[in-house]
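Good morning, and thank you for coming.

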Amino acid sequence: MSPPIGIVLVTRDRRAEVLATLPLLEALPERPPVVVVDNASRDGTPAAVRRAHPDVRVLALPVNLGGAARTLGVRALGAPLVAFADDDSDWAPGALARAVDLLAAHPRVVLLAARVLVGAARRPDPVCAAMAAAPLGTPRGLPGPAILGFLACGAVVRRDAFLAAGGFHPRFGIGGEEELLALDLAARGGALAYVPELVAHHRPAAGGGRSGRSARQARNALWTAWLRAPAPLAARRTAALTRDAPPTALARALRGAGWVAAERRAVPPALAADVARLWGAGSPPRPWRPGVPASRSALRGA
């Protein structure tokens, strides 16, 4: 029998981080199976993981698929529930077991977003404050506020719902790729909820994120708007985003105009109304980061 929950971890060229994270995941009391999906690392990560952690399944990809590599990991994992981890993140003991219980008790919910605590000080990620503000309320049948965005390193999802929604889009890379998946899960009738009693830990390296991430996040937010929002709402979203996004973001987004037009599928009207409410708080703050709204009254999608 498959365990009720497993972990998919995606990495690229961060061997030391992966080797520091895996012992934390293997020590969890739930003993979840772990799949590491390596995005064509050049630093020997797959071989190092196989040597040090023989019980961990490693998928060594020949090309970098970014966040879409998680989809391959989910397919490889037999567990009906999947928790995601980054190479610098882990889960608090007991969080995964609690997620299993909550999803069993709330069959309409397809994704749970955890409270992500950052760094040695374990301060909540700003996205968590936005989710906790509950602009969409807490409808009956949900274990926490309804959301339409999340942080991948703090998410637990139903495997079948994730795969039916298509997983993470292969063109988005890593950086703001979660919002499109959130909309696709919701468009299929699933509910997403923020549950702060579930805790994940993120241990980012000093010095910030990787080069170009802000522009990629902004590009992905623009793509998401035109892939799923009604045209008037997408236009307003574009105006708000381009006021504060990095200068290259719009040009990068425009290079994808052809495939975006071909794949465009606006969400149902009721969901579009929720999206409009979340996007209605004005332009994001500087430094630009999707998921951190200008006021705490709305969640833009992580």
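How many positive and negative side chains does the chain have, and how far apart do the centres of the two sets lie? There are 38 positive and 22 negative side chains, with the two centres 6 Å apart; Lys and Arg count as positive, Asp and Glu as negative, while His and the chain ends are not counted. The place of a charge is NZ of Lys, CZ of Arg, CG of Asp or CD of Glu.

This is a predicted model, in which local features need pLDDT of at least 70 and side-chain atom pairs pLDDT 80 or more, whereas totals for chains, interfaces and linings use all residues. Residues are numbered from 1 along each chain as its sequence is written, and side-chain values use heavy atoms, without hydrogens and water.

Turning to the overall build, the chain holds twelve helices and nine strands, which are DSSP runs numbered from the N terminus (helices H or I, at least four residues; strands E, at least two). Its C-alpha trace spans about 55 × 45 × 40 Å along the principal axes.

Now the interior. Of the 302 residues, 55% are buried, meaning under 20% relative accessible area with a 1.4 Å probe, protein chains only. The largest nonpolar core has 85 residues, and Trp 91 and Phe 150 have the most contacts inside it. Apart from that core lies another, of ten residues, including Leu 180 and Trp 259. Such a core joins buried Ala, Val, Leu, Ile, Met, Phe, Trp, Tyr and Cys residues through side-chain atoms within 4.5 Å.

Finally, helix α4 (residues 95-105) has among its buried residues Leu 96 and Val 100.

Notes. Buried means under 20% relative accessible area, exposed over 50%, partly exposed in between (1.4 Å probe, protein chains only).
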